[in-house]
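Here is a short briefing on one protein model.

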Amino acid sequence: HSGHPAARKSPAKAPSLLREVQDLKERAQAAAADGEWEAALQLLSEAIAARPAEDLSLHSERSECYAELERWEEAAADAEVCVRLSASHAVGYVRRAVALAGRGRHKEAVEACEA
């Protein structure tokens, strides 16, 4: 019902939240481009926390940051989110393979790419 207070507030807040998430994502991409992986990771984590629904691109980019920092378990966890959100999105499988290879699980990494 449109008279409900939450229904009235939601549309006005949504564009602002999406702008904030997009700003965090763009800042993270700039940091990553400069090799500032910790800064990019922090910004992406903030964007993920602010977003009401899981976002494939945010988790994919954060997985890359974790991999660059050799934080393989976290890289794998975000890769799994990517695969769960979109089984047809190849990047999720690549992120999963990178995380597996980083942990020395090379056979599984190859299998992840063949899935």
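Buried means under 20% relative accessible area, exposed means over 50%, and partly exposed lies in between (1.4 Å probe, protein chains only). The model is predicted: local features need pLDDT of at least 70, side-chain atom pairs count only at pLDDT 80 or more, and totals for chains, interfaces and linings use all residues. Residues are numbered from 1 along each chain as its sequence is written, and side-chain values use heavy atoms, without hydrogens and water.

**Helix 5**
- Helix 5 spans residues 90-102. Helices are DSSP runs (H or I, at least four residues), numbered from the N terminus.
- Its buried residues include Tyr 93, Arg 95 and Leu 100.
- Helix 3 (56-68), helix 4 (72-85) and helix 6 (106-114) are among the elements covering them.

**Ser 60**
- Ser 60 lies in helix 3. Its relative accessible area is 7%, so Ser 60 is buried.
- Beyond neighbours within four places in sequence, Ser 60 contacts Cys 82, Val 91 and Arg 95. Contact means heavy atoms within 4.5 Å.

**Salt bridges**
- A salt bridge puts a side-chain nitrogen of Lys or Arg within 4 Å of a carboxyl oxygen of Asp or Glu. The count is ten.
- Asp 23 pairs with Arg 27 at 3.5 Å between the closest N and O atoms. Both lie in helix 1 (residues 5-33). Arg 27 is partly exposed at 44%.
- Glu 64 and Arg 95 form a salt bridge at 3.8 Å, N to O.

Notes. Helix = DSSP H or I, 4+ residues; strand = E, 2+ residues; numbered from the N terminus. Expected span 1.5 Å × (residues − 1).
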